[in-house]
Structures are given as structure tokens and as C-alpha cells.
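This report covers a structure with its sequence. Please have both at hand while reading.

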Amino acid sequence: MKLNLKTIGLCLAAAAFLAACSEPPEIAAKAAKRPDVAPYMGADNGFMTKNWTPSIDASWTESINKRNQNQSEYSRFK
Amino acid sequence: MARMKFICDTERCIECNGCVTACKNDNEVPWGVNRRRVVTVNDGIIGKEKSISVACMHCSDAPCMAVCPVDCFYRTDEGVVLHDKDICIGCGYCSFACPFGAPQFLSSGAFGVRSKMDKCTFCSGGPEANGSVAEFEKYGRNRLAEGKLPLCAEMCSTKALIGGDSEVISSIYAKRVSVREANGRYPSKDIFGWTTAYGPMDSSPKPTPADKIPGAKS
């Protein structure tokens with residue numbers, strides 16, 4: 001029983017000392033700026049509207065501008 | 001190329017807080033953080049009470065970008081000011097610099113530990129892949145990549161808040177002003193926050209301090 005407790009104690013101590021080995025590196029290169037993907041490339045989910053072609057900037061812009069006009073009630077009720 | 005902006009029409013906003021609710025719900029913004037909020041001035045004074053929906057205005061010369069010590073901000077081709085939460089250290093400098101109080105911090109823990117900064121993204125996510133789960137968890141929805149506009153503007157019941165390409169929304173607002181003027185009401189053409197966020201409306205050169213000193217070169 002004494003031996004078992006000693007073994008367990010050693011194991012716990014080893015685990016505590018070795019825990020630092022799993023720390024992720026905190027280096028400046030990790031925090032570098034990443035490029036963002038333009039919205040006209042589309043989204044990888046099922047919520048995209050259907051009236052434009054992803055990856056074509058002009059198609060996206062035209063679709064967004066049409067949608068934008070829906071915010072004007074003057075263009076909706078004439 | 002579109003240049004995305006917001007306009008809030010103070011003559012139309014009825015302080016329903018629908019934009020605030022829509023933003024919080026769609027982006028699953030945590031309790032204690034408001035990316036958008038409605039401010040009312042002259043509350044209760046008949047004829048003088050005005051409400052305005054305020055969030056990040058995605059300024060042309062954004063002061064938050066200028067003061068960030070770790071340079072976590074970037075501007076997209078659409079003119080939207082975004083930030084990378086993997087770089088942000090939550091120092092709060094942007095919060096002091098912003099004239100609109102847009103940067104928000106989640107206070108957590110017994111000592112009020114500040115989180116990384118959170119703000120309106122014009123519903124265009126962050127540097128993660130468009131529409132990905134990682135992007136949603138950090139920044140909320142990316143509606144622009146889905147071919148949509150920010151939900152706060154699209155669902156505004158009175159269309160007080162409009163968002164999108166500056167040329168389009170400016171023309172919508174100009175039409176409203178002309179109708180009001182034709183009816184002899186609300187002649188003001190001022191838009192809250194536009195001069196602060198995007199600079200003076202006219203493009204004429206302004207005198208610099210050096211112009212006032214004889215012989216100095218600007």
C-alpha cells in the first residue's frame with residue numbers, strides 16, 4: 001500500500017512537471033495578420049442568396065445594390 | 001467597388017430597439033455586450049425627442065486603427081473596419097479613441113477581467129473562412145458573403161437605419177429629404193455621425209496650420 005501511494009505521488013508529480021510541455025508556443029509569428037476573403041467569394045454555408053454568382057465581384061455588387069434599394073420604400077410602392 | 005456605410009435617420013427612429021435585438025440574436029452576442037444600441041436625447045420633451053441607433057460607423061480614417069498597439073485592425077475593400085481577435089489583447093485603447101463608443105468588452109470574473117474587443121462587423125465576419133463555424137463563434141454572421149446586408153438595417157421597421165453602399169444609401173436619404181422639403185417639414189439634411197466618421201461632405205481643401213504661418217511650408 002505504501003509503495004502504491006509513493007508511485008501515485010511520483011506519477012502526479014511527473015504529470016505536474018510535464019504539464020508545461022503541452023503549453024502552446026507564444027511567439028510573435030503566431031499573431032501575424034491573416035488575409036481576409038472578400039465577400040463576393042461567397043460563404044461556405046446554406047444561407048447564401050441565389051441571385052448572384054460567387055467569385056464574380058460584379059455579380060455580387062449588382063445583387064447587393066438591388067437589395068440595397070429595398071430599403072427605400074419610395075422604390076417599393078410606386 | 002462598394003463603400004459600406006450606415007445612415008440613421010433621426011426623424012424616423014422610434015426607439016423600438018429592434019436593431020439591437022436583431023444584432024444580438026443573429027450574431028449571438030453575449031450578455032453585457034451591445035454592438036448596436038439606441039440613444040435618445042431630450043427624452044419626454046414633445047417635438048424635441050430624437051432617437052438614434054449607434055454602432056461602429058466603419059470610419060474612413062478610423063481612430064481605433066490608429067491607436068491599436070498590436071495593429072489588429074484592417075479595412076476590407078468594401079470599407080468595413082474589422083479586427084482579428086487572435087491578435088487583440090483587450091487593452092481598451094480603441095474604446096477610448098472611438099467617437100461612437102463602438103468597441104465593447106465582456107467583463108467576466110470576480111475582478112472584472114476584460115475580454116478581447118468586440119464590435120459591429122457590418123455583418124461581414126472576420127479573417128476566418130467566410131461562413132465558417134469558427135468565424136461565427138468569434139465574430140458572428142457573415143451576411144455580406146451570403147449576398148445580404150446587415151440585419152439591423154434590413155429589418156428596421158421604419159427604415160430609419162439603412163446600411164449599404166454609400167452612393168445608394170445617400171441617394172435614398174436624399175430622396176427622403178427632398179420629399180420632406182416638398183412637404184415643408186424637417187428641412188435638416190444633416191446625418192448623425194457622418195462628418196465625424198467620414199470627414200466633411202465638401203471636398204474643397206481646408207487650410208492647414210502651416211497655411212496660417214507666413215513663410216511656412218505645409
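## Chain A

The model is predicted. Chain A holds three helices and zero strands, and its pattern along the sequence is α-α-α. Of its 78 residues, 13% count as buried.

## Contact between the chains

On the chain B side, 31 residues are in contact with 28 residues of chain A. Strand 8 and helix 6 of chain B each supply at least two residues of the side that touches chain A. Helix 6 of chain B accounts for the largest share, four residues.

By residue class, the side of chain B that touches chain A has 14 nonpolar, eight polar and nine charged residues.

## The largest nonpolar core

In soluble globular proteins, nonpolar side chains tend to be buried together. The largest nonpolar core here has 47 residues. The members that touch the most other members are Phe6(B), Cys8(B), Val81(B), Cys152(B), Ala153(B) and Leu161(B).

Strand 1 of chain B gives the most, with four residues.

## Surroundings of Phe6(B)

Which residues is Phe6(B) in contact with, leaving aside its neighbours within four places in sequence? They are Ala55(B), Met57(B), Ala153(B), Leu161(B) and Gly163(B). Ala153(B) and Leu161(B) are also among the core members that touch the most other members.

Key. Residues are numbered from 1 along each chain as its sequence is written. Chains are lettered from A and ligands numbered from 1 in the order in which they are written. This is a predicted model: local features need pLDDT of at least 70, side-chain atom pairs count only at pLDDT 80 or more; totals for chains, interfaces and linings use all residues. A nonpolar core is a set of buried Ala, Val, Leu, Ile, Met, Phe, Trp, Tyr and Cys residues joined through C-beta atoms within 7 Å. A residue is buried if 20 or more other C-beta atoms lie within 10 Å of its own, exposed if 12 or fewer, and partly exposed in between; C-beta atoms are placed from the backbone. Two residues are in contact if their C-beta atoms, placed from the backbone, lie within 7 Å. Ala, Val, Leu, Ile, Met, Phe, Trp, Tyr, Cys and Pro count as nonpolar, Asp, Glu, Lys and Arg as charged, and the others, Gly among them, as polar.
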